[in-house]
Amino acid sequence: TAPGPCSYTTLRDEAVKLFNSLQQLESERDPVPLMQGVLQTCLDLPPLVDEIYCQLVKQTTEPPAPGGQGDLHYWQLLTCMSCTFLPSPPVLRFLHFHLDRTEKRFPSSEMAKYACFIREALGKTKGRECVPSLEEILVLMQRQEMICTVHCPGAPACSVAISSHTTAEEVAQELVSRLGLSQSPNLFALYEQSRRREQPVGSATLLADVLTRFE
């Protein structure tokens, strides 16, 4: 479990810890929990976002084994970062240069595919309330979408493919269309339900954040 904000030390110390985590990531057999821990630290300590982006660009530039497991772990974390945080404008320009350079140097490679995915994600990312869930990280590592199950009153449950950027309003509109309710004068919304409460999901809320809260 990632530590809460009160358990952090100085930014410098946390930056060193994150650097050590990145070094460990290269040989980690199951990198997902480690990736989520890095993302959580960046969410709790926003000044470290640029630092991690720069470290990941460095690690994926001239790697010892391009396209090897260690190299791809760095690209996968960079993918998760791109769906969660936007770097500052100078770092964003540096990152785009790195993505372009990778695609030109290694066309049709896994690295180039991640670079393309990351570029598209950066154009949609606006910031997250929660870091990606373990499930979301797994699908991002494969550059795929998640399947979200929505239970509809009086109708079977519907499975909807969502990305890290899909809003509750977009899913509600898709379900209204599927159920043939486009001409209905009623208003429709999504609700999240747990053992303790049931509440509407804001139209601009990212479904991926809701799923993380359930996790």
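Q: UniProt positions follow the numbering used here, and its annotations may be inferred rather than shown by experiment. With that in mind, where does UniProt place the feature "domain: FERM"?
A: The model here is a predicted one. The unreviewed UniProt entry puts "domain: FERM" at residues 146-215. In the model, that span is 27% helix and 23% strand, and its end C-alpha atoms lie 14 Å apart.

Q: Which residues does UniProt list for "domain: Ras-associating"?
A: The record, again an unreviewed entry, gives residues 144-215. Over that stretch the chain is 26% helix and 22% strand, with 19 Å between the end C-alpha atoms.

Q: Why is α3 called roughly parallel to α5?
A: Helix α3 (residues 48-59) packs with helix α5 (residues 89-105) at an angle of about 20°. Angles under 35 degrees count as roughly parallel, so α3 is roughly parallel to α5. Their axes are 11 Å apart, and the crossing is left-handed.

Q: What is the volume of the largest pocket, and which residues are closest to its centre?
A: The volume is about 630 Å³. Of the 24 lining residues, Val150, His151, Ala189, Leu190 and Tyr191 are the closest to the centre.

Q: Which element gives the most to the lining of the largest pocket?
A: That is α9, with four residues. At least two residues each come from β1 (146-150), α8 (168-178), β3 (191-193) and α9 (207-214).

Q: How do the residues of that lining divide into nonpolar, polar and charged?
A: The lining of the largest pocket has 19 nonpolar residues, three polar and two charged. Tyr counts as nonpolar here.

Key
Residues are numbered from 1 along each chain as its sequence is written. This is a predicted model: local features need pLDDT of at least 70, side-chain atom pairs count only at pLDDT 80 or more; totals for chains, interfaces and linings use all residues. Side-chain values use heavy atoms; hydrogens and water are left out. On a 1 Å grid over the protein atoms alone, a cavity is a set of points where a 1.4 Å probe fits but cannot get out, and a pocket is an open set with protein on both sides within 12 Å along at least five of seven lines; lining residues have an atom within 4 Å of a point. Grid points are joined across faces, edges and corners, and a volume is the space filled by probe spheres set on the points. Axes are lines fitted to C-alpha atoms, for helices over the stretch in contact, and angles run from 0 to 180 degrees between N-to-C directions. Angles under 35 degrees count as roughly parallel, over 145 as roughly antiparallel, 65 to 115 as roughly perpendicular and the rest as oblique. A crossing is left-handed if the near helix is turned anticlockwise from the far one by less than a right angle, and right-handed if clockwise.
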